[in-house]
Amino acid sequence: MQEKVYPMTQEGLEKLEQELEDLKVNKRKEIVERIKIARSFGDLSENSEYDAAKDEQAFVEGRISTLEDMIRYAEIIDDKDIDQDEVTLGRKVTFQELPDGEEETYTIVGSAEADPLESKISNDSPIAKALLGKKIGDVVEVDTPGGTFECKIINVEKA
């Protein structure tokens with residue numbers, strides 16, 4: 001079975017490594033201490049503090065496992081040999097919805113580092129899929145769950 005590859009920027013990889021380190025070094029210790037304190041309260045069958053700490057422990061261990069996989073199978077985006085006007089992962093793209101929409105700017109990143117609140121969209125999103133490989137000045141048709149629209153790529157730059 002082939003493992004999933006996680007395309008990402010170097011910055012994205014470093015963020016994941018920091019999160020993993022924090023979970024392993026700090027969060028695990030905090031949870032173990034909470035479990036120890038909750039056990040001291042006595043009967044575990046009706047101990048909500050113990051149950052909550054165990055649930056959090058399971059969540060953290062799952063997240064650690066996920067992060068380890070993402071880091072192990074990370075594929076760092078190297079765009080040195082790609083035309084600077086071309087939309088690729090790791091690039092910030094400004095486009096205008098046609099005919100007279102406002103300009104929007106997004107950075108296209110791998111799914112592991114997508115964060116819509118920071119205008120970082122996944123390469124798996126409908127907008128990114130439509131824009132990838134296109135260049136400044138291209139008019140692109142974007143199919144989204146809310147309908148289809150056309151946009152013109154105004155600018156492409158390194159993020």
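## Exercises on a predicted model

Strands β3 and β4 pair in the antiparallel sense over 5 bridges, where helices (H or I, at least four residues) and strands (E, at least two) are DSSP runs numbered from the N terminus, and two strands pair if DSSP finds at least two bridges between them. This is a predicted model, in which local features need pLDDT of at least 70 and side-chain atom pairs count only at pLDDT 80 or more, while totals for chains, interfaces and linings use all residues. Residues are numbered from 1 along each chain as its sequence is written, and side-chain values use heavy atoms, with hydrogens and water left out.

### Exercise 1. The sheet around β3

Task: Work out the strand order of the open sheet of 5 strands, and describe the place of threonine 94 in strand β3.

Solution. Step 1: the order is β5-β4-β3-β7-β6, with mixed pairing. Its edge strands are β5 (120-122) and β6 (139-144), each of which pairs on one side only. Direction ignored, neighbouring strands of this sheet are turned by 45 degrees against each other on average; the axes behind such angles are lines fitted to C-alpha atoms, for helices over the stretch in contact, and angles run from 0 to 180 degrees between N-to-C directions.

Step 1: take the pairings in turn. Strands of a sheet pair through backbone hydrogen bonds, either parallel or antiparallel. A hairpin leads from β3 to β4 through 5 residues. On β7 (residues 147-158), β3 is joined by 7 bridges and the two strands run antiparallel, with valine 93 standing opposite valine 156. Strand β4 (residues 103-109) pairs with β5 in the parallel sense over 3 bridges, and isoleucine 108 stands opposite isoleucine 121 in β5.

Step 2: Threonine 94 lies in β3, which spans residues 91-97, and its bridge partner in β4 is threonine 105. The side chains of threonine 94 and threonine 105 are also joined by a polar contact of 2.9 Å, a polar contact being a pair of N or O atoms within 3.5 Å in which, within protein, one must be able to donate a hydrogen and the other to accept it, with residues adjacent in sequence counting only if both atoms are side-chain atoms. Threonine 94 counts as buried because its relative accessibility is 10%; buried means under 20% relative accessible area, exposed over 50% and partly exposed in between (1.4 Å probe, protein chains only). Leaving aside neighbours within four places in sequence, the contacts of threonine 94 (heavy atoms within 4.5 Å) include Glu103, Lys152 and Asn155.

### Exercise 2. Helix α2 and its buried residues

Task: Compare the span of helix α2 with the expected one, and trace what its buried residues pack against.

Solution. Step 1: α2 (residues 48-72) has 25 residues and reaches 36 Å from its first C-alpha to its last, close to the 36 Å expected at 1.5 Å a residue. That expected span is 1.5 Å times one less than the number of residues.

Step 1: the buried residues of α2 are Tyr50, Ala53, Val60, Ile64, Leu67 and Met70. An α-helix has 3.6 residues a turn, so residues three or four places apart point the same way. The buried residues of α2 pack against β1 (6-8), α1 (10-39) and β2 (74-76).

Step 2: Methionine 70, in α2, counts as buried because its relative accessibility is 8%, and beyond four places in sequence it touches Tyr6, Met8, Leu16 and Ala112. Leucine 16, in α1, is likewise counted as buried, at 6% relative accessibility. Among the residues that leucine 16 touches beyond four places in sequence are Arg63, Leu67, Met70 and Ala112. Leucine 16 and alanine 112 are 96 residues apart along the chain, yet their C-alpha atoms are separated by 8.6 Å.
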